[in-house]
Amino acid sequence: MATANRGAFSNRLGFILAAAGSAVGLGNIWRFPFEVGLGGGAAFVVMYLLFCFLLCFPVMVTEVAIGRKTQKNAIGAFNGLGFKNWNFVGKIGILAGILILSYYNVIAGWTIGYFIEMVSGNFGISKVFGSYTSDILKVGIYAVIFMSFTSYFVSKGISGGIEKLAKVLMPSLIFMILCVVIYSFTLPNAMEGVKFYLIPDISEMNASVVSGALRQAFFSLSLGMGALITYGSYLSRNDNIVSSSAFITLADVGIAFIAGFMIFPLVAYNNGGDMSMVQSDQAGPGLIFVTLPGIFETLGPGLGAFVGGFFFLLLSFAALTSTVSLLEVPVSYAVDELGMKRQRSVILVAALIFVVGIPSLLGNGASDFFTNWFKMPGGSTDFTTLAILTTDVLLLIGGFCIVLFASYIWRKENLHQELASGYEGYLGSFAHKFLNFTICYLSPILLGLLFVVVFLNNYFGISLI
Ligand code: PHE
């Protein structure tokens, strides 16, 4: 087996931090709060939590197991198990990874830009968000910078690049988030924000909430596109997949949940406790980029620059551990299957993704054509459309196919055998029964049904719930 020179995580902690780093990203801090805002607050949060633990955790375990068993990339893993005609799942995954990174990198670039603006006290930026994102020279340069950072760490390999990065950035990120949460709680009206966030209003529950929560759960846990097959392929046989995945899920959900405590009190403070604003003009992708800088401004020039700079630095740290995982998926394919050198494939793939991302770069005001050309319900610009489309369609199909494949094609006995490696006493345990039920029955059935609900709701406006 050509596994010796593929690289590997140096230990279980390295894997957990890298995978948690992949999961925790703009999805938790930028996207989760605005999806909560759009989805009606706590009703959304309840659905999201249910999906994460009952549907997504089993998908994560399955992905990691497939990766570790085969020690191969997202496409090679299916070939390695002897089911070449199922490698379309890996192909969908690589396509999803390329598309997601193409727009994710643009937003990640904004976070560097905003860091610089905040530190230099330019809070007015929030009022001209539209013209900021259409300043193609600026956002273009930031996008290049971000892609270069990502490429650098991926080119250093698994233990020397990705793992090292996560070991430094993840603890710093958690520390920084806690600082901002504590600060937010000291602001007037903070509790109004917390109430909006935590008290569910069941009347808010409808197909859009369900679809938003499912989409968010998949995106946030980096599922359905082979990122965790790829990371799992660098994991040792002696490590426990089930407990590691549980830890990664908890870390991701925990950080998204805590990010809510960071954002909603700030919004409540800004609006004098009126949270209805979140569902209207402050909702959507601008929540962080439009609303927050205005709030930092009210703190005065010195403190505002400090808190604002700190916040956007934190956001770019979170983004970087995710972008490296997105780039690693196609790169590991190129290295394993096409026999390319890591450095070379990083450069080629990163350049390709940058080019694919040009519509997203131009689609936020810089070009009329790209800003307005492709509208769909739920997507106001090319780029939100792409965000929703890749997640709703590609990630959900990917996740559905992965559990279906593992249970009925590769067969569940083999899956459980792999999970037992590194987990003494797994066979016959509660974890075994729970995973057997969720991976073989609950996840495929619910994912299949929900996919239909989400698809009809988002693309045809038909609400089945
Ligand atoms: N989970 C990441 C986030 O929350 C995004 C991501 C999706 C990363 C899919 C890898 C794969 O920001």
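Predicted model: local features only at pLDDT ≥ 70, side-chain atom pairs only at ≥ 80, totals over all residues.
View 1. Residues are numbered from 1 along each chain as its sequence is written, and side-chain values use heavy atoms, leaving out hydrogens and water. Helices here are DSSP runs (H or I, at least four residues), numbered from the N terminus. Ten of the twelve residues of H13 are buried, meaning under 20% relative accessible area, with exposed being over 50% and partly exposed in between (1.4 Å probe, protein chains only). Among them are Gly-286, Leu-287, Pro-293 and Phe-296. Helix H13 runs over residues 286-297, and at 1.5 Å a residue it should span 16 Å; the end C-alpha atoms are 16 Å apart, which agrees. That expected span is 1.5 Å times one less than the number of residues.

**View 2. Phe-296 up close.** This residue is found in helix H13, and at 0% relative accessibility Phe-296 counts as buried. Leaving aside residues up to four places away in sequence, Phe-296 touches Met-118, Phe-123, Leu-266, Gly-304, Val-307, Gly-308, Phe-311 and Phe-312; a contact means heavy atoms within 4.5 Å. Phe-311 is 15 residues from Phe-296 along the chain, and their C-alpha atoms are separated by 9.8 Å.

**View 3. Helix H2 and its kink.** Look for the kink of about 40 degrees at Phe-32, shortly before the proline Pro-33. The bend at a residue is the angle between axes fitted to the seven residues ending there and the seven starting there. With 13 residues at 1.5 Å each, H2 should span 18 Å, and its end C-alpha atoms are 17 Å apart, which agrees. Twelve of those 13 residues are buried, so H2 is largely enclosed by the rest of the structure. Just after H2, Gly-40 takes a positive phi of about 85 degrees.

**View 4. Around the ligand.** Of the 14 residues around the ligand, Ala-23, Gly-27, Tyr-104, Phe-219 and Ser-222 come nearest; a residue is near a molecule if one of its heavy atoms lies within 4 Å of it. An oxygen atom of the ligand is 2.9 Å from a polar backbone atom of Ala-23. For Gly-27, a polar backbone atom is 2.8 Å from a ligand oxygen. At Tyr-104, an N or O atom in the side chain is 2.5 Å from an oxygen atom of the ligand.

View 5. A disulfide is a covalent bond between the sulfur atoms of two cysteines. Searching the whole structure finds zero disulfides, counted as pairs of cysteine sulfur atoms within 2.5 Å. The sulfur of Cys-56 is 5.3 Å from the closest cysteine sulfur, in Cys-52, too far for a bond. Cys-52 is buried, with a relative accessible area of 0%, and Cys-56 is buried with a value of 0% too.

**View 6. Asn-11, ahead of helix H1.** Asn-11 lies in the segment before helix H1 (12-23) and is partly exposed, with a relative accessible area of 36%. Setting aside residues up to four places away in sequence, Asn-11 touches Glu-163, Lys-167 and Asp-239. Asn-11 and Asp-239 are 228 residues apart in sequence, yet 8.3 Å apart in space, C-alpha to C-alpha.

Methods. Helix = DSSP H or I, 4+ residues; strand = E, 2+ residues; numbered from the N terminus. Polar contact = N/O pair within 3.5 Å; in protein donor to acceptor, adjacent residues only side chain to side chain.
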